[in-house]
Amino acid sequence: LRHIYGNAAFGLAVDGFIGPVTVSWIKKFQNDMKAQGQNVLVDSRIDRAFGKVSTVSKTTYAILLMNQELKKRNPSAWSSLPSQVPLSDTPK
């Protein structure tokens, strides 16, 4: 979220915790994606994606949209992501 929103994301700490500030930025991101016409559930959550669309809400997983948006807005942050966050081809 910090790499997507840049300096505007003041107060958003990269600390491994999801507190009220992080929750509000997640909700902002989901609302922004919805305003752009994306089929995303605005629930202030970032769930693990099991496919492209949730079988429950029938909406696109926010984490997929977040990754797409990061790649579009900040390609250098996108390309360095695997070195900062371990990625798996077979998540559990």
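Contact here means heavy atoms within 4.5 Å. I kept that in mind for everything below.

**Ground rules.** I am working with a predicted model, where local features need pLDDT of at least 70, side-chain atom pairs count only at pLDDT 80 or more, and totals for chains, interfaces and linings use all residues. I number residues from 1 along each chain as its sequence is written, and side-chain values use heavy atoms, with hydrogens and water left out.

**Tyr5.** I looked up its partners, leaving aside neighbours within four places in sequence: Tyr5 is in contact with Trp25, Lys28, Phe29, Asp32 and Arg73.

**The core.** I then turned to the largest nonpolar core, which has 14 residues. Such a core is a set of buried Ala, Val, Leu, Ile, Met, Phe, Trp, Tyr and Cys residues joined through side-chain atoms within 4.5 Å; buried means under 20% relative accessible area (1.4 Å probe, protein chains only). Ile4, Tyr5 and Phe29 have the most contacts inside this core. Two or more residues come from each of α1 (2–5), α2, α3 and α4 (75–84), and α3 gives the most, with four. Helices are DSSP runs (H or I, at least four residues), numbered from the N terminus.

**Two helices.** How do α2 and α3 pack, and at what angle? I found α2 (residues 20–35) and α3 (residues 62–73) at about 80°, with axes 11 Å apart. That makes them roughly perpendicular (65 to 115 degrees). Axes are lines fitted to C-alpha atoms over the stretch in contact, and angles run from 0 to 180 degrees between N-to-C directions. Phe29, Gln30 and Met33 of α2 meet Ala62, Leu65, Met66 and Glu69 of α3.

**Asn74.** I placed Asn74 in the loop between α3 and α4. Asn74 is buried, at 18% relative accessible area.

Definitions and conventions
Parallel < 35°, antiparallel > 145°, perpendicular 65-115°, else oblique. Buried < 20%, exposed > 50% of the residue type's maximum accessible area, 1.4 Å probe, protein only.
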